[in-house]
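Here's a quick tour of the fold, from the domain layout down to a few residue pairs. Have the viewer open while you read.

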Amino acid sequence: MKGRTGSIEALAKLVSQFSQERAPVVTGGYVNEVSRSAIGVRGISDRAQLGDLVMIRYDNQLHPAEVVRLEQTRVLVKPFDDRIVPALGTPVFPEGPFRIAPAPDWRGRVINALGRPLDGKGLLSAGTDPGPVDCPAPSAMDRGRVEMGLRTGVNVVDVFVPMCFGQRMGVFAGSGVGKSTLLAMMTKATDFDTVVLALTGERGREVRDMLEGTMAGKLHKTIAVIATGDESPMMRRLAPNTATAIAEYFRDRGDNVLLIVDSITRFAHAAREIAIAAGEPPVSRGYPPSVFSQLPRLLERAGPGLVGNGTITGIYAVLVDGDDHNDPVSDAIRGTLDGHIVLDRGIAAQGRFPAIDILGSISRLAQHNWTAEQAKLATSLRGLVARFEETRDLRMIGAYQAGSDPLIDQAVHLVPLIYDAMQQRPASPLAQDPYSDLASALRPREQS
């Protein structure tokens with residue numbers, strides 16, 4: 001009996017030793033359906049959640065994909081690299097939610113949507129607190145208030161649509177009107193501790209043009225997240241979320257962060273492709289309902305942090321398809337943001353840059369930036385611009401005689417000078433006092 005007990009103890013010891021030395025077994029599923037839009041996987045339905053990361057073993061490497069639909073016996077996943085076409089039976093391993101761990105020395109780096117370096121400067125250091133890239137915004141009652149004004153250095157913005165720390169502003173424009181150039185000029189603002197730039201769905205050649213040209217000298221405090229137009233919709237949808245997660249990390253450290261997303265419309269387009277691939281029906285000009293729930297969820301993450309923390313000032317480029325400012329995406333974004341800057345193709349055709357439509361642009365938080373005198377001046381100038389533009393056709397056909405209306409005469413005299421004073425080029429130095437520059441432009445003519 002004693003020998004039998006000793007054998008059992010020896011066997012138990014051997015099993016225990018074997019289990020400690022052997023690496024844990026990773027269980028996964030397998031590919032059972034492949035199409036250009038999505039990949040079906042069996043065997044992980046009970047362990048995966050919507051939005052989780054999975055790894056597909058393909059060509060002797062593991063490639064990430066995201067769960068876009070859950071069913072009883074299978075899940076649909078969409079790879080981040082849409083060139084991945086695995087064979088039936090290929091193993092797939094669940095990984096849980098995608099997380100990143102930003103660190104202070106990420107400033108000055110260029111990364112992709114998955115947080116991998118693109119600049120050839122070596123691996124990124126990992127922070128101590130990894131978090132999901134898609135997290136909820138701070139509670140409305142716990143976050144700070146937007147009260148402090150800032151200077152972007154762009155005269156026409158600082159005078160007519162001034163911004164505040166923690167504000168979310170949209171730049172609405174058709175293609176080729178100067179949207180990206182204006183955004184690059186605003187990244188030079190000196191009031192921010194950190195700049196996070198997300199280039200989503202843009203042309204690949206613009207990346208180095210913007211980083212090494214327009215933003216030269218400011219890259220030491222900038223993190224650029226790049227997902228160009230030739231990348232998969234998964235990468236294009238992920239890039240703004242990754243950039244926002246990085247901005248949230250620096251905000252929680254107490255920084256005033258400038259977050260620029262160019263463009264949020266490409267994010268919506270990518271979300272539409274993914275939702276349709278997952279079987280969601282389109283409801284509004286080809287957009288499924290989930291797109292209109294993802295937009296405010298992303299945009300609300302910018303803004304002031306918890307009381308005592310920093311802020312995220314969000315500037316989002318909105319590509320207006322066909323110059324239609326009332327398309328569903330533009331409408332949804334405009335209603336969520338704290339103001340909008342409208343770029344006009346007709347103004348650009350006149351050679352005035354930035355091609356901002358002063359009358360069509362508005363900042364809902366301007367009162368926190370203007371003094372009483374500045375508010376009065378900006379309102380008066382806006383009125384002159386309105387009178388100048390509404391009588392343009394009348395004056396062009398000679399139906400107005402000078403002296404008939406003193407206000408129109410004043411507008412005809414001053415508005416062209418205002419337009420000239422508001423012009424800036426990317427190579428121009430940022431203005432320190434836009435009101436002083438405007439006064440200098442108007443004073444000589446007024447005295448004459």
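Strand E3, residues 53-58, pairs with strand E4, residues 61-70, in the antiparallel sense, and the pairing runs over 6 bridges. Keep in mind that this is a predicted model.

## E3's other partner

E3 also pairs with strand E6, residues 91-96; the two run antiparallel and are joined by 4 bridges. Here the pair to look up is isoleucine 56, which stands opposite valine 92 in E6.

As a bit of background, strands of a sheet pair through backbone hydrogen bonds, in either a parallel or an antiparallel way.

## Closing the barrel

So where do these strands end up? They belong to a closed barrel of 6 strands, in the order E1-E2-E5-E4-E3-E6, with antiparallel pairing. On average, neighbouring strands of this sheet are turned by 45° against each other, direction ignored.

## Three domains

Zooming out, the protein is divided into domain 1 (26-97), domain 2 (100-369) and domain 3 (373-442). The centres of domain 1 and domain 2, taken over C-alpha atoms, are 30 Å apart.

How many residues of domain 1 are in contact with domain 2? The count is 12 residues of domain 1 in contact with 12 residues of domain 2.

## Helices H6 and H7

Now for some helix packing. Two packed helices are described by the angle between their axes and the distance between the axes. For helix H6 (residues 264-277) and helix H7 (residues 289-299), the axes come within 9 Å and cross at roughly 140°. Angles over 145 degrees would count as roughly antiparallel and 65 to 115 as roughly perpendicular, so H6 and H7 are oblique to each other. The crossing in which H6 passes H7 is right-handed.

Which residues in H6 and H7 meet? On the H6 side there are Ile264, Phe267, Ala268, Ala271, Arg272 and Ala275, and they meet Ser290, Val291, Gln294, Leu295, Leu298 and Leu299 in H7. By type, the residues of this contact of H6 with H7 divide into 9 nonpolar, 2 polar and 1 charged.

Notes: Residues numbered from 1 in each chain as written. Predicted model: local features only at pLDDT ≥ 70, side-chain atom pairs only at ≥ 80, totals over all residues. Heavy atoms only, no water. Pairing = 2+ DSSP bridges. Axes fitted to C-alpha atoms, helices over the stretch in contact; angles between N-to-C directions. Parallel < 35°, antiparallel > 145°, perpendicular 65-115°, else oblique. Left-handed = near helix turned anticlockwise from the far one by under 90°. Contact = heavy atoms within 4.5 Å. Nonpolar A, V, L, I, M, F, W, Y, C, P; charged D, E, K, R; others polar. Domains from an automatic or database assignment.
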